[in-house]
Amino acid sequence: QVVAAWASLPFPASPGSSLPEILSAHQQDVPWKLLLSSWREQKVSCCFAQSVVLRGVDRERPSSSPGRQPRTPLQGWESPQEMLQHYLHTHFPGSFSTAHVLQQPCSTTPPFPQFFSPLLTRQGFLQDKALGHSSAGPNRAVQSIPVLAALQASPVLHELLSGLWRDLRARNVRRWSSFFTAGVEQDDFQQALEELKTLAQCYETGFGGDGSEDEADSD
């Protein structure tokens with residue numbers, strides 16, 4: 001019923017690099033972040049299900065030669081989807097994952113805001129150093145970027161939903177006359193709170209300390 005949105009905008013890739021090389025460079029941590037400003041930085045090591053889309057990255061370098069020994073284990077897979085699927089399985093074993101790889105990048109032409117780092121090329125790839133001032137200006141605007149996006153059902157949602165439940169429960173809704181004037185009944189509000197708490201518990205793994213915290217809140 002609930003998913004968390006993650007994204008890498010732009011996806012960290014250097015000019016001319018292939019999909020297996022890029023994914024192999026991120027074996028320790030997946031290169032995306034949760035799209036929620038209030039969420040603290042934390043490594044997410046498990047999830048229940050996810051759908052991931054990567055666009056704007058070439059599968060192989062044009063110079064790749066048939067029959068050559070793969071430089072990375074990911075190069076042994078036939079399709080970009082299989083490469084990404086294997087990468088996701090490595091980081092999230094036992095999770096249900098779907099992967100899609102699209103060749104076309106995300107367009108960032110006006111009116112898309114140009115808030116990108118000077119290390120990016122016009123195609124959104126990372127360079128070792130920024131271009132000189134002579135290359136700045138409208139003609140240096142980033143035209144497109146590779147993007148990775150994911151919708152993920154994971155234990156992160158337990159903490160997010162539990163936090164929302166605690167915040168709402170702490171509010172004295174009786175002081176908001178307009179709240180009930182709109183047709184909301186006190187009993188309906190309390191029932192919605194209980195349903196929210198139950199929903200949060202659906203995303204609990206049982207390996208953290210959040211469960212004891214919820215039990216203390218319910219006393």
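Pro111 lies in the loop between strand S5 (106-107) and strand S6 (144-145) of this predicted model. Another cis peptide bond joins Leu9 and Pro10, where omega is about 0°. Pro10 is placed in the loop between S1 and H1.

Aromatic residues come next. A search of the whole structure finds five aromatic pairs. In one of them, Phe112 and Phe115 are tilted, at 6.0 Å centre to centre and with 45° between the planes. The ring centres of Phe115 and Phe116 are 4.8 Å apart and their planes stand at 45°, so this pair is tilted as well. Phe112, Phe115 and Phe116 form one aromatic cluster. Phe116, at 14%, is buried.

Five strands make an open sheet with mixed pairing, in the order S2-S1-S7-S3-S4. Strand S2 (33-34) and S4 are at the edges with a single partner strand each, so one side of each has no neighbour in the sheet. Within the sheet, S3 and S7 pair in the antiparallel sense over seven bridges. Arg55 has Val147 in S7 as its bridge partner. Helix H2 lies across S3 and S4, and runs at about 140° to S4.

In soluble globular proteins, nonpolar side chains tend to be buried together. Here the largest nonpolar core has 36 residues, and those with the most contacts inside it are Phe11, Trp32 and Leu84. Elements that give two or more residues to this core include strand S1 (4-8), strand S3 (49-55), strand S4 (96-102) and strand S7 (147-153), together with helix H2 (80-91) and helix H5 (186-201). H5 gives the most, with five residues. The core draws at least three residues from each of domain 1 (4-62 + 69-153) and domain 2 (157-203).

Which residues does Leu84 touch, not counting residues up to four places away in sequence? They are Leu23, Val52, Leu54, Ala99, His100 and Val101. A second, separate core of five residues includes Phe116, Val142, Ile145 and Val147.

Methods. Residues numbered from 1 in each chain as written. Predicted model: local features only at pLDDT ≥ 70, side-chain atom pairs only at ≥ 80, totals over all residues. Heavy atoms only, no water. Core = buried A, V, L, I, M, F, W, Y, C linked by side-chain atoms within 4.5 Å. Buried < 20%, exposed > 50% of the residue type's maximum accessible area, 1.4 Å probe, protein only. Helix = DSSP H or I, 4+ residues; strand = E, 2+ residues; numbered from the N terminus. Domains from an automatic or database assignment. Contact = heavy atoms within 4.5 Å. Pairing = 2+ DSSP bridges. Axes fitted to C-alpha atoms, helices over the stretch in contact; angles between N-to-C directions. Phe/Tyr/Trp six-rings, centres within 6.5 Å; stacked < 30°, edge-to-face > 60°.
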